[in-house]
Amino acid sequence: DTRVRELAGVDLARAGERLTKPVDPERLRVRGGQVSLEEVRKITPSLSEAATLLADTRERVDGIETDYLLPPVRDALDEVGRELSRTEIDARRGAEAAVRLPAILGDDGPRRYLLVVQNNAEARATGGIVLFWGVINANNGDIDVEELEPVRRLNEGIQDCRCDPQVITTEDYLRRYSRHDPTHTWQNTNLSPDFPTVGQVMASLFPQSGGFPIDGIVRTDPYGLAALLRLTGSVEVEPWEVPITADNVVQILLEESYRAFANENQRENFNEAVAQAVVDLASEGDLGQPGRIAEVLGEAARQGHLALYFTRPEEQALARLLDADAGYTPPRNDGILVTTNNAGQNKLDYYLGRRLEYDVALDPSKDGETAMATGHLHVTLQNNVDLEADLPIAVVGPNNPQVEAGENYSITSVYSPLAFKAATANQLPLELSTEPELGRNVFSEFFNVPAKSALDLDFAVEGLVPLGPDHWYRLDLGHQPTVIPDHITVKVTVPPGWRIAETRGLKITGSSTAAVELDLTEPETLRVRLERSADRNLWDRLREGP
């Protein structure tokens with residue numbers, strides 16, 4: 001173990017040395033909307049060499065036979081391997097970013113990107129409804145953001161073209177969302193939780209909305225603006241009396257501005273001015289060195305508050321590698337995703353809490369490489385708005401004839417790779433119909449949740465999941481960027497003759513159970529490794545063999 005750590009440490013030191021020699025951190029600072037592409041090109045070979053060195057080291061560590069090692073040594077070796085894997089991934093991301101960044105920033109010709117700003121208080125599956133948009137120009141490392149405009153301008157552009165807008169997208173998207181007319185209503189383009197799909201729709205629709213061909217999309221929301229403010233410092237926007245900072249911008253944009261400006265136009269103009277001031281400062285001020293930028297914006301991207309879509313496949317692959325694409329690939333094993341799309345034209349999702357409880361029983365096959373998963377998912381939608389708080393109509397409504405004041409009216413969708421067997425709402429049976437999307441089965445329905453009340457949904461799911469030769473069960477927890485993070489409880493159970501030997505993200509609560517309770521602020525993956533139990537009963541041994 002000591003020797004392995006020494007070898008890994010030497011390789012890490014060598015990788016660090018190769019990185020630091022050609023780097024002048026001050027030359028890599030992002031100031032005044034400028035990125036030194038010359039410095040990026042200078043460091044690219046060293047980043048690639050470091051990534052290759054770390055990959056070779058990880059392969060050597062992974063190749064060490066551990067079956068006959070003592071548990072403390074094996075555990076330490078596993079930790080070294082995980083640390084090397086994380087470091088290798090970071091190095092690979094840095095190397096690929098350095099290769100692609102010059103072209104993205106206009107090294108081989110000007111680039112234009114669409115910036116969309118969402119409002120999470122009126123939920124959409126990607127986070128919130130699109131309120132504003134603007135154009136980002138990139139030319140030879142210089143970045144400029146044009147003035148933001150309200151999203152209705154794009155809808156007006158579609159009307160002015162007097163055409164039948166066509167979008168490039170998937171069959172799943174057309175089947176599930178055409179009924180909501182996203183090709184004429186930009187506010188409905190992001191009903192799908194998969195931003196690569198949504199980005200493709202937006203990029204193909206923008207030229208038909210009075211725009212022009214674009215090279216990609218940058219999506220953000222008030223939390224993404226807060227991340228930018230952590231890099232730049234505060235802004236002042238009239239008539240707000242205090243500086244707008246990373247700590248207060250979310251509350252100002254999603255709650256306080258609705259109380260301060262009863263007039264809708266005044267509120268829209270103020271919110272637009274805040275977003276404009278933040279992006280202007282980010283494009284004109286000093287964002288600092290790349291490491292700090294990556295740390296702050298990387299966290300916002302993992303949490304879904306900042307996302308990138310590129311029209312060129314190799315650049316979109318970079319967004320995916322950086323965990324900045326906000327995409328949903330089909331689950332490798334099992335998975336849960338719950339989304340709510342506001343249909344009440346109000347801002348009540350600021351007050352919506354969601355609790356998820358997933359209990360899944362695994363019944364492994366004889367060889368342990370597959371298991372029948374039988375799950376029960378309980379979803380609680382809690383509308384916490386107080387109608388006595390004198391909130392404006394823009395927040396509580398009614399703005400839709402089907403909805404009373406304070407009612408949270410939404411399209412609630414539940415995604416699972418397993419088959420839905422039964423569903424209830426407040427213990428009353430629901431008609432069960434599902435559609436495919438993103439490699440999952442999706443149950444969707446409109447639900448009303450009155451003020452200060454809750455809706456309880458229950459789903460029975462079942463299906464065969466792969467465990468592989470190592471007998472690992474994997475559960476992917478999808479994440480919608482909501483104002484109040486989802487509170488999730490997961491419990492995994494295995495039958496007699498099997499035990500839970502190891503977990504990632506859960507705690508073993510008994511030989512046959514593992515569980516976790518968490519607030520979900522970003523996508524998570526939970527893992528459980530199954531092992532045959534030494535105390536299998538006689539019938540199991542006779543039925544299954546040694």
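Is Asp325 buried or exposed, going by its relative accessibility? I looked it up: Asp325 counts as buried, at 5% relative accessibility. My cut-offs are under 20% relative accessible area for buried, over 50% for exposed, and partly exposed in between (1.4 Å probe, protein chains only).

Ground rules next. This is a predicted model, where local features need pLDDT of at least 70 and side-chain atom pairs count only at pLDDT 80 or more, while totals for chains, interfaces and linings use all residues. Residues are numbered from 1 along each chain as its sequence is written, and side-chain values use heavy atoms, with hydrogens and water left out.

**Entry: confidence.** I checked pLDDT, the predictor's confidence in each residue, from 0 to 100. The protein has a mean of 90, and 88% of its residues reach 70 or more. Residues 538–544 stay under 50, and the model gives them 7 contacts beyond four places in sequence. Contact here means heavy atoms within 4.5 Å.

**Entry: salt bridges.** I searched the whole structure and got 26 salt bridges. To count, a side-chain nitrogen of Lys or Arg must be within 4 Å of a carboxyl oxygen of Asp or Glu.

Back to Asp325: its salt-bridge partner is Arg320, with the closest N and O atoms 3.4 Å apart. Arg320 counts as partly exposed, at 37%.

Then I looked at Arg152 and Glu268, whose side chains form a salt bridge at 2.8 Å, N to O. This pair links distant parts of the chain, 116 residues apart: Arg152 is in helix 4 (residues 152–161) and Glu268 in helix 9 (residues 264–284). Helices (H or I, at least four residues) and strands (E, at least two) are DSSP runs, numbered from the N terminus. Arg152 is partly exposed at 34%, whereas Glu268 is buried at 19%.

Glu435 and Arg176 make another salt bridge, 2.9 Å from N to O. Glu435 sits in strand 15 (residues 434–437) and Arg176 in helix 5 (residues 171–177), 259 residues apart. Both are buried.

I also found a network of salt bridges linking Arg499, Glu502, Arg504, Arg529 and Glu531.

**Entry: Asn333.** I found Asn333 in the loop between helix 11 (313–321) and strand 9 (334–342). Asn333 counts as buried, at 7%. A polar atom of its side chain lies 2.4 Å from the backbone oxygen of Pro466. Leaving aside neighbours within four places in sequence, the contacts of Asn333 include Pro417, Trp472 and Arg474.

Key
Polar contact = N/O pair within 3.5 Å; in protein donor to acceptor, adjacent residues only side chain to side chain.
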